[in-house]
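Visitor: I have a structure open and would like to learn how to read it. Could you walk me through it?

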Amino acid sequence: MTDALLSIRDLSIAYDVAGRDVLAVSHAGFDVPQGSIVGLVGESGCGKTTMARALTRVIADNARIAGGQMHFDGQDLAQLSESRMNAMRWRDIAFIPQSAMNSLDPVYRVEYQIAEVLRDRGGYGRKDARRRAEELFEMVGIDAGRLRDFPHQFSGGMRQRAAIALALALEPKLVVADEPVTALDVIIQRQILDQLRSLQQELGLSVIMVTHDISVVAYTCDRTVVMYAGKVVEDCDTATLLNEPLHPYTMGLKNAFPDLRSAGTGVLTPIAGSPPDLVNPPSGCRFAARCPFATDHCRAVEPPLMEDQPGHNVACHRAHEAAELRARAAEPETWGMSA
Amino acid sequence: MSETMIELQEARLHYKIGNAVSAMMGLPSTVKAVDGVSFTLKRGESVGLLGESGCGKTSLGRVLVRLEEITEGSARFDGEEIKELKGADLQRFRGRSQMIFQNPFDAVNPRYAIRRTLEEPLANAGIPRAEWRDRVIGALELVGLGDPERFLDRFPHQLSGGQLQRVVMARALILEPDFVVADEPVSMLDVSVRAGVLNVFRDVRDRLGLTAIYISHDLALVRYVCERTIVMYLGRIMEDGPTEDIVRDPLHPYSQALVAAVPTPNVAQSHDPLPIGGGAPDPRNPPSGCVFRDRCPRAEARCAEEIPQPRQIGSRLVACHFAAT
């Protein structure tokens, strides 16, 4: 794709666990089109946070990029020298960490922390930094008078907004947000998502939003990438993903969510079992052990991620039967629940 | 046996804050976590306590299992004033009224094997040791942990979040309580396992005929578990009625905002701006009159002067001067 700001291809990230390589992300790939919000969803341990962090190359000490490319704006982030990468952080790619609420330093005033980024990274002078900080606060809807506050004087929602302001300080092209609303109340959650969305449109940003919440993706994201056990299993525009999922895991995730606008409450259907141990990943499809539609072929041969429909990628041997599988996936008995 | 299990009348829980110096400076000396709450819960009835952080929902839940004591008003459990219970009565109450905590990893001792975690309440309640094993196995089976033997000698870190939350649930149920308070029991869990834990909770509650309170800020979850919902804001009840009615047609402006704010797993959903802005105000300094008025799109002068008393509107009690069907 030519209009992609970011193209990840065949990316693998290995953790050194007691001398053995464990692939938290395994040959994964997806695109982030210019000016869009892409959701990265999956269960804990599926590799979504590791993948997001790899984009700024801030990963754990025992982790390394074991292969693949991350093409961003004409460069491969996986190959950049540390000094070149460092020059891109904040300026080209900004990261909002998980529980950004707690990522502000409690002993410095918020203004100082924003000014630090502006001065050290953006070459701003003191006065300009101050003006920019005020501008940023207004942008995210906090009164500029609160810049002199310490983080503890902020509510959770304000801290989250401040973290967004910080990420936007140097007008990056790409913002990676890791669970930006997970710890927040519903009303604040909605306000933050609205804010992020309108800033994204105003500034023409591209955003990767890591989350485990399908409702958040449905509300916010243009495209959605579903990860399972270190692999991308499905990737397409959000409406198609939710209405006509091709992968049984995506179908299962949808069943597990309560929908407040639905007529009745029905029964939520969990996906039984848990993800495989990545120290000894199974041969074949990694979801096979929990998949109600798995065949011997699924257990033996790993399905590659393929473009099934234009712009709709899926890694499932039975994707061509998806319409029939969707109908069966809607029945709780399919997932081992008694009616 | 009386029909009423829980009865609150003008219950208040005011925490003292600050010190002599702050008092001299005229700063507020109390936080009104629960401020004049009244409702009753029939035997076998479930209610969801819905509201944002700081609205007093958890404090109220803790009062009902006597982890906190109210400072004014009355809170009765099966006809008895909870804070007056002493000695053997209190001991009996402890077995009958149980809490399921939000974060399973904080709610169990990491150095206790699951067996010991579950045996502890039995020991405290003076259950004969000969019965322990059957009770432990039975409780684990009750919460859907099949083949329970394999969990007995495991430690919390060896269990997934979903499994551990079931253990916490088993511990709350092992003394066969009449009443449980579940405080956001799935908020720390991964989405794919949430459904399983919610289903177990619903199922066990119905099978044992438990009276239950389910605390959450997410109406979609409350709706899945409870037929009745109480919406709280800054220590007070804003609306109380059948969950389906509140979801379909919320009457209080605050309930309306809560309903509008819940995202759905569906791309065809409203992106209209919320009717209210900001976050809840400082609970040390709540607004005069209606506590919700400074965020309320309908607030008028009267709201600053007069605390709206709960009024019956159709199926519901609503504390708003202007709400109408």
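This is a predicted model: local features need pLDDT of at least 70, side-chain atom pairs count only at pLDDT 80 or more; totals for chains, interfaces and linings use all residues.

Visitor: In what order do the 8 strands of the open sheet in chain B lie?

Guide: Strands of a sheet pair through backbone hydrogen bonds, either parallel or antiparallel. Here strands are DSSP runs (E, at least two residues), helices are runs of H or I with at least four residues, and both are numbered from the N terminus. Two strands count as paired if DSSP finds at least two bridges between them. In chain B the order is β6-β7-β8-β3-β9-β10-β12-β11, with mixed pairing. β6 (97-100) and β11 (311-313) of chain B are the edge strands, each pairing on one side only. On average, neighbouring strands of this sheet are turned by 20° against each other, direction ignored.

Visitor: Which pairs show the parallel sense, and which the antiparallel?

Guide: β6(B) and β7(B) are parallel, with 4 bridges, and Ser97(B) stands opposite Phe179(B). β7(B) also runs parallel to β8 (residues 211-216) of chain B, through 5 bridges; there Ala182(B) has Tyr214(B) as its bridge partner. By contrast, β11(B) and β12 (residues 316-318) of chain B run antiparallel, joined by 3 bridges, and Ile313(B) faces Arg316(B).

Visitor: Which way do the side chains of β7(B) point?

Guide: In a regular strand the side chains alternate between the two faces of the sheet. Phe179(B), Val181(B) and Asp183(B) point one way, Val180(B) and Ala182(B) the other, and all are buried.

Visitor: Which strands does helix α8 of chain B touch?

Guide: Contact means that two C-beta atoms, placed from the backbone, lie within 7 Å. Axes are lines fitted to C-alpha atoms, for helices over the stretch in contact, and angles run from 0 to 180 degrees between N-to-C directions. Helix α8 (residues 161-173) of chain B packs on the sheet and touches β6 and β7 (179-183), at about 175° to the direction of β6(B). Helix α12 (residues 253-261) of chain B touches β3 (46-50), β9 (228-233) and β10 (236-242), making about 110° with β9(B).

Visitor: Which residues of helix α5 of chain B are buried?

Guide: An α-helix has 3.6 residues a turn, so residues three or four places apart point the same way. In α5 (residues 114-124) of chain B, the buried residues are Ile114(B), Thr117(B), Leu118(B), Glu119(B) and Leu122(B). They pack against α6 (129-142), α7 (149-152) and α8 of chain B. After α5(B) comes Gly126(B), with a positive phi near 75°.

Visitor: How many residues lie between the strands of the β1(A) and β2(A) hairpin?

Guide: There are 2, and Ala18(A) in the turn has a positive phi of about 50°. The strands, β1 (residues 4-17) and β2 of chain A, run antiparallel over 10 bridges, with Leu11(A) opposite Ala28(A). β1(A) also pairs antiparallel with β4 (residues 63-72) of chain A, over 8 bridges.

Visitor: How is chain A divided into domains?

Guide: The bounds come from an automatic or database domain assignment, which gives domain 1 (4-228) and domain 2 (244-335). Their centres, taken over C-alpha atoms, are 29 Å apart. In the contact, 13 residues of domain 1 meet 12 of domain 2, and β2(A) gives the most to the domain 1 side, with 5 residues.

Visitor: How many residues does each chain give to the contact between A and B?

Guide: Chain B gives 34 and chain A gives 35. On the chain B side, α9(B) supplies the largest share, 8 residues.

Definitions and conventions: Residues are numbered from 1 along each chain as its sequence is written. Chains are lettered from A and ligands numbered from 1 in the order in which they are written. A residue is buried if 20 or more other C-beta atoms lie within 10 Å of its own, exposed if 12 or fewer, and partly exposed in between; C-beta atoms are placed from the backbone.
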